[in-house]
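Student: I am new to this structure and would like to learn how to read it. Could we go through some features one at a time?

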Amino acid sequence: RHTHPQAQRGTAPRAAGRAGGLTRVIRLLARLRRREDERVAALHATGVLKGGSREDLDAAAMRAADVFHAGFAVISAIDKDQEFILGQSKQLAGPLTKDGTDMIVIPRSDAVCDHVVARGEPLVVEDAERDPRFAENPTIKLWNARFYAGVPLRTADGMVLGALCILGAEPRPLDDREIEILGAMAADVVAIITGDEVEAVVPKP
């Protein structure tokens with residue numbers, strides 16, 4: 001059976017288009033992978049996972065909880081496969097690291113703050129019980145939290161290392177001005193982590 005020449009001419013461009021689209025996707029994924037590797041390397045380069053800044057980061061978390069009258073606040077770092085709680089305003093449940101740093105460690109797949117890192121933008125969850133993304137989240141349930149607001153910990157060269165988050169047992173909103181204030185506090189946290197002053201740039205969620 002012979003294929004009509006017109007059909008052959010139509011099939012070739014479609015095949016080429018599919019191949020070109022696949023190539024673009026592969027290149028995009030490769031760029032994203034390199035960027036993520038750079039982000040994780042930047043986190044490790046700060047040395048913050050060794051726990052040396054714990055006292056200052058706990059104090060920063062306490063300030064955030066006080067300013068926003070939140071149930072508690074945490075400062076998180078997102079590593080390749082895990083979330084580390086670098087600072088917290090009060091004692092919280094969760095498995096601890098076994099290297100003497102005594103940080104709560106959470107699988108990255110259960111980390112609400114990973115959404116902040118992935119987007120590079122603030123995230124406000126007024127009521128987790130009504131949000132299908134987080135209603136069954138193990139960490140939210142463990143900490144008995146319904147409200148969550150997190151802003152990126154962004155370095156001077158644009159790497160988002162983690163998030164500064166406030167949480168509470170009752171649903172609540174957070175307005176643009178409050179998000180800006182939380183962003184300014186996040187810039188102070190980055191200065192503690194990296195030793196560099198950074199300008200707070202907080203896009204709207």
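Tutor: Start with a term: a pocket is an open set of grid points with protein on both sides within 12 Å along at least five of seven lines. Keep in mind that the model here is predicted.

Student: How much space lies in the largest pocket?

Tutor: Rolling a probe the size of a water molecule over the atoms shows where empty space is left. Here the largest pocket holds about 260 Å³. Its lining has 14 residues, and Arg 35, Glu 36, Arg 39, Val 117 and Ala 118 are the closest to the centre. Helix H1 (5-46) and helix H3 (113-119) are the elements that each give two or more residues to this lining. By class, the lining has seven charged, five nonpolar and two polar residues.

Student: At what angle do the axes of helix H2 and helix H5 cross?

Tutor: Angles over 145 degrees count as roughly antiparallel. The axes of H2 (residues 54-67) and H5 (residues 176-194) cross at roughly 175° and come within 10 Å, so the two helices are roughly antiparallel to each other. Among the residues making the contact are Leu 57 and Ala 60 of H2, and Met 185 and Val 189 of H5. By class, this contact has nine nonpolar, two charged and no polar residues.

Student: Is Val 125 buried or exposed?

Tutor: Buried means under 20% relative accessible area. Val 125 has 3% relative accessibility, so Val 125 counts as buried. This residue lies in strand S4 (residues 123-125). The C-alpha atoms of Val 125 and Arg 172 are 8.5 Å apart, with the two residues 47 apart along the chain.

Methods. Residues are numbered from 1 along each chain as its sequence is written. This is a predicted model: local features need pLDDT of at least 70, side-chain atom pairs count only at pLDDT 80 or more; totals for chains, interfaces and linings use all residues. Side-chain values use heavy atoms; hydrogens and water are left out. On a 1 Å grid over the protein atoms alone, a cavity is a set of points where a 1.4 Å probe fits but cannot get out, and a pocket is an open set with protein on both sides within 12 Å along at least five of seven lines; lining residues have an atom within 4 Å of a point. Grid points are joined across faces, edges and corners, and a volume is the space filled by probe spheres set on the points. Helices (H or I, at least four residues) and strands (E, at least two) are DSSP runs, numbered from the N terminus. Ala, Val, Leu, Ile, Met, Phe, Trp, Tyr, Cys and Pro count as nonpolar, Asp, Glu, Lys and Arg as charged, and the others, Gly among them, as polar. Axes are lines fitted to C-alpha atoms, for helices over the stretch in contact, and angles run from 0 to 180 degrees between N-to-C directions. Angles under 35 degrees count as roughly parallel, over 145 as roughly antiparallel, 65 to 115 as roughly perpendicular and the rest as oblique. Contact means heavy atoms within 4.5 Å. Buried means under 20% relative accessible area, exposed over 50%, partly exposed in between (1.4 Å probe, protein chains only).
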